[in-house]
Amino acid sequence: MAGIFGFLNKILKNLFRKKKHIKLGLYGPPNGGKTTLANRICQDWLGEDMGSVSNVAHETREIQIKEQINIKNEEGKEISFNLVDTPGIATKIDYEDFLKTGMKEKEAKNRAKEATKGVIDSIKWLDEMDTVIIVLDSTVDPYSQVNITIVGNLAAREIPVLLIANKIDLKKSNMKRIETAFPQYEVIGISAKYGTNINEFYDALFKYAA
């Protein structure tokens, strides 16, 4: 295990040394909390939100980019990146699922169409990313086809990954389950909504960049 983390550390260190400014992508299934984390980062360092959030899946259906975010730690080290928030990746998007939330049929079909395009765009953008943060809902079983597909695509492209177990403020949260499912990655547990352990998240970014 230590060998794997050491290898990833080496890759990330080299990557950050070579590039002063990187593209940092947020990926994951719908409703994992990607945009909530994006908003947390943007509020912490820019004082503004990045996008809207909703309990209805696929609220983010287009790629969102916040440019030139610079974060510093207490030691004076800096990371500069463009933050790319991507639509949730799903293997199946059915407009009838949106009808169950109270949407009209036309709105539900449009949302499904846009969400499907968003999934395709998310995959296309993978090739643009220097580093990816996978955001998973820690209350949900991580052994899904979507998560395996995301991890497989990142591994195939040799893109460095930081795995986030979000929503640890909820009683059903089970971070250990995510660690067991994806032992090849370091997992940081946070609540993006409340900012719980957000400093540990930033420390993880700096640990790879130092």
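**Figure 1. Salt bridge between Glu105 and Lys109 within helix α4.** In this predicted model, the side chains of Glu105 and Lys109 meet in a salt bridge, with an N to O distance of 2.9 Å. Both residues belong to helix α4, which spans residues 105-125, and because they are four residues apart they are separated by about one helical turn. An α-helix has 3.6 residues a turn, so residues three or four places apart point the same way. Glu105 is partly exposed at 42% relative accessibility, and Lys109 is likewise partly exposed, with a relative accessible area of 40%. The structure holds eight salt bridges, and the pair shown here is one of them.

**Figure 2. Salt bridge between Lys66 and Glu48.** The closest N and O atoms of Lys66 and Glu48 are 2.8 Å apart, and the two residues form a salt bridge. Lys66 is located in strand β2 (residues 64-72), whereas Glu48 occupies the loop between α2 (34-45) and β2, so the pair ties together parts that are 18 residues apart in sequence. Lys66 is buried, with a relative accessible area of 17%, while Glu48 is partly exposed at 35% relative accessibility.

**Figure 3. Salt bridge between Glu75 and Lys77.** Glu75 and Lys77 form a salt bridge in which the closest N and O atoms lie 3.5 Å apart. Glu75 is exposed, its relative accessibility being 62%. Lys77 has a relative accessible area of 35% and is partly exposed.

**Figure 4. Helix α2 and the glycine that follows.** Helix α2 has 12 residues. From its first C-alpha to its last, the helix reaches 17 Å, close to the 16 Å expected at 1.5 Å a residue. The buried residues of α2 are Lys34, Thr35, Leu37, Ala38, Asn39, Ile41 and Cys42. Just after the helix, Gly47 takes a positive phi of about 75°.

Figure 5. Asp85 is placed in strand β3, residues 78-85. Although buried, Asp85 has no salt bridge. The side chain of Asp85 does make a polar contact of 2.6 Å with the side chain of Thr35, a buried residue of α2. Leaving aside residues up to four places away in sequence, Asp85 touches Leu26, Lys34, Thr35, Ala38, Met50, Thr60, Glu62, Ile63 and Gln64. Among these contacts, Lys34, Thr35 and Ala38 are buried residues of α2.

**Figure 6. Positive phi at Lys167.** Lys167 is found in the loop between β5 (161-166) and α6 (175-181). Phi of Lys167 is near 70°, a positive value in a residue other than glycine. With 22% relative accessibility, Lys167 is partly exposed.

**Figure 7. Positive phi at Asn197.** The loop between β6 (187-189) and α7 (198-209) contains Asn197. Asn197 is not a glycine, yet its phi is positive, at about 65°. The relative accessible area of Asn197 is 32%, and the residue is partly exposed.

Methods
Residues numbered from 1 in each chain as written. Predicted model: local features only at pLDDT ≥ 70, side-chain atom pairs only at ≥ 80, totals over all residues. Heavy atoms only, no water. Salt bridge = Lys/Arg side-chain N within 4 Å of Asp/Glu carboxyl O. Helix = DSSP H or I, 4+ residues; strand = E, 2+ residues; numbered from the N terminus. Buried < 20%, exposed > 50% of the residue type's maximum accessible area, 1.4 Å probe, protein only. Expected span 1.5 Å × (residues − 1). Lys, Arg positive; Asp, Glu negative; His and termini not counted. Polar contact = N/O pair within 3.5 Å; in protein donor to acceptor, adjacent residues only side chain to side chain. Contact = heavy atoms within 4.5 Å.
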